[in-house]
Amino acid sequence: GIPNSKGTNYLTADIAQPVGPVTLIAHAGHTWVGHQKTYDYTDLNFGASYNLPKGFSITGLYYINTDKGAGFKEYNTVNGHALYGNKFVVQLKKNF
């Protein structure tokens, strides 16, 4: 973990709104890293889910964005490769 980060807090707001066969999803969150403000960050994602036949569902089709501080970028980079960034994510799920 991040040294001297006691007192870290995360605030989140989420909504899922059914619109016909699709559920629209929105999320916003912010992390305050205790005693290490350079590591604070905001994360957002927007997406949808959709039930498919035979127990399958697309449980997430998201666009993810993170507002990153300098410390966050440094701490989340390994061998020159960033472990963060704006991404599109698709999740497929099967219920048994």
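Of the 96 residues in this protein, 24% are buried, meaning that their relative accessible area is under 20% with a 1.4 Å probe and only protein chains counted. The model is predicted, so to speak of local features requires pLDDT of at least 70 and side-chain atom pairs count only at pLDDT 80 or more, while totals for chains, interfaces and linings use all residues. Residues are numbered from 1 along each chain as its sequence is written, and side-chain values use heavy atoms, leaving out hydrogens and water.

**Overall layout**
- The protein has 1 helix and 7 strands; these are DSSP runs, with at least four residues (H or I) for a helix and at least two (E) for a strand, numbered from the N terminus.
- Starting at the N terminus, the order of elements is β-β-β-β-α-β-β-β.
- The C-alpha trace spans about 50 × 30 × 25 Å along its principal axes.

**Strand partners**
- Strands β1 (residues 9–19) and β2 (residues 22–32) run antiparallel, joined by 11 bridges; two strands pair if DSSP finds at least two bridges between them.
- Within this pair, Y10 stands opposite T31 of β2.
- β1 and β2 make a hairpin with 2 residues between them, and G20 in the turn has a positive phi of about 65°.
- β2 also pairs with β3 (residues 41–51), antiparallel and over 10 bridges, where H30 has T42 as its bridge partner.

**A look at T66**
- T66 sits in strand β4 (residues 56–68), and it counts as buried because its relative accessibility is 14%.
- Leaving aside residues up to four places away in sequence, T66 touches Y41, T42, D43, F72 and N86, where contact means heavy atoms within 4.5 Å.
- T66 and D43 are 23 residues apart in sequence, yet their C-alpha atoms are 4.3 Å apart in space.

Conventions. Buried < 20%, exposed > 50% of the residue type's maximum accessible area, 1.4 Å probe, protein only.
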